[in-house]
Amino acid sequence: MSPAERTHLEKAKPMTEDLAGANPRGLHFIAELANTVQDDAEVNAAALQALLERHGGPLFALTEADARRLREATARLTGILAMHDEDRAAEAINALLDEHPARPRLVRLPGRPWSLHNRAPQGADPVHWLLSTTALALGLWLSERGRCAWGQCAAPDCDRYFIDTGRRTPQRYCTPRCATRVRVASHRAQRGR
């Protein structure tokens with residue numbers, strides 16, 4: 001395993017679905033994918049396959065060619081995750097849905113309520129599945145929240161993507177740790193004046 005892969009695996013935390021809303025619609029998969037590709041522009045098929053499996057994605061047998069295409073497709077997703085204007089985000093999501101129509105189905109997993117999932121047809125192309133699934137998820141999240149409830153960390157030395165699960169103030173930082181670092185630095189700078 002390369003140092004980049006090891007670093008990626010150390011940073012990546014398994015994200016399980018949480019009925020209380022901490023992992024809405026599996027959107028943390030999108031943020032983790034964006035961060036994984038950002039951390040390692042050459043992330044391989046095995047690491048991407050593991051990421052899909054952690055999030056309950058379809059069992060594709062990804063090749064290195066698939067991995068390259070998935071990395072390229074992820075660039076479109078990170079473009080949306082970096083958007084703050086909901087009209088532009090809606091246009092970008094609609095463009096993805098036009099190019100990669102979703103096949104949503106209500107699914108009831110054991111012990112869980114009904115939820116909307118994108119079904120990957122037999123022999124589906126991983127890129128089509130990725131773009132249709134994520135466009136559907138982001139579109140539903142945008143319509144539910146009425147704003148771009150995602151973003152890129154505002155901390156000066158961090159560029160991680162996140163999904164905003166808060167209900168009140170829009171989230172600006174990927175973790176409470178980044179928010180605290182910025183707040184402490186600001187406080188120290190004010191005291192130093």
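**Exercise 1. In what order do the elements of the chain run from the N terminus on?**

Solution. The model is a predicted one, in which local features need pLDDT of at least 70 and side-chain atom pairs count only at pLDDT 80 or more, while totals for chains, interfaces and linings use all residues. Residues are numbered from 1 along each chain as its sequence is written, and side-chain values use heavy atoms, with hydrogens and water left out. Taking helices (H or I, at least four residues) and strands (E, at least two) as DSSP runs numbered from the N terminus, the chain reads α-α-α-α-α-β-β-α-β-β-α. The tally is seven helices and four strands.

**Exercise 2. Determine which residues have the most contacts inside the largest nonpolar core, and which elements supply this core.**

Solution. Begin with the terms: buried means under 20% relative accessible area, exposed over 50% and partly exposed in between (1.4 Å probe, protein chains only), and a nonpolar core is a set of buried Ala, Val, Leu, Ile, Met, Phe, Trp, Tyr and Cys residues joined through side-chain atoms within 4.5 Å. The largest such core has 41 residues, and those with the most contacts inside it are Phe29, Leu33, Leu81, Leu130, Leu138 and Trp150. At least two residues of this core come from each of helices H2 (28-39), H3 (45-54), H4 (64-81), H5 (86-99) and H6 (126-145) and from strand E4 (161-163), with H6 giving the largest share, nine residues. A second, separate core of eight residues includes Cys153, Cys158, Phe162 and Cys178.

Next, follow Leu81 through its contacts (heavy atoms within 4.5 Å): leaving aside residues up to four places away in sequence, Leu81 touches Ile30, Ala31, Ala34, Leu138, Trp150, Gly151, Gln152, Tyr161 and Ile163.

**Exercise 3. Decide whether Gln49 is buried or exposed, and list what this residue touches.**

Solution. Gln49 is placed in helix H3. Its relative accessible area is 12%, and therefore Gln49 is buried. Beyond residues up to four places away in sequence, Gln49 touches Pro58, Leu59, Phe60, Ala61 and Leu62.
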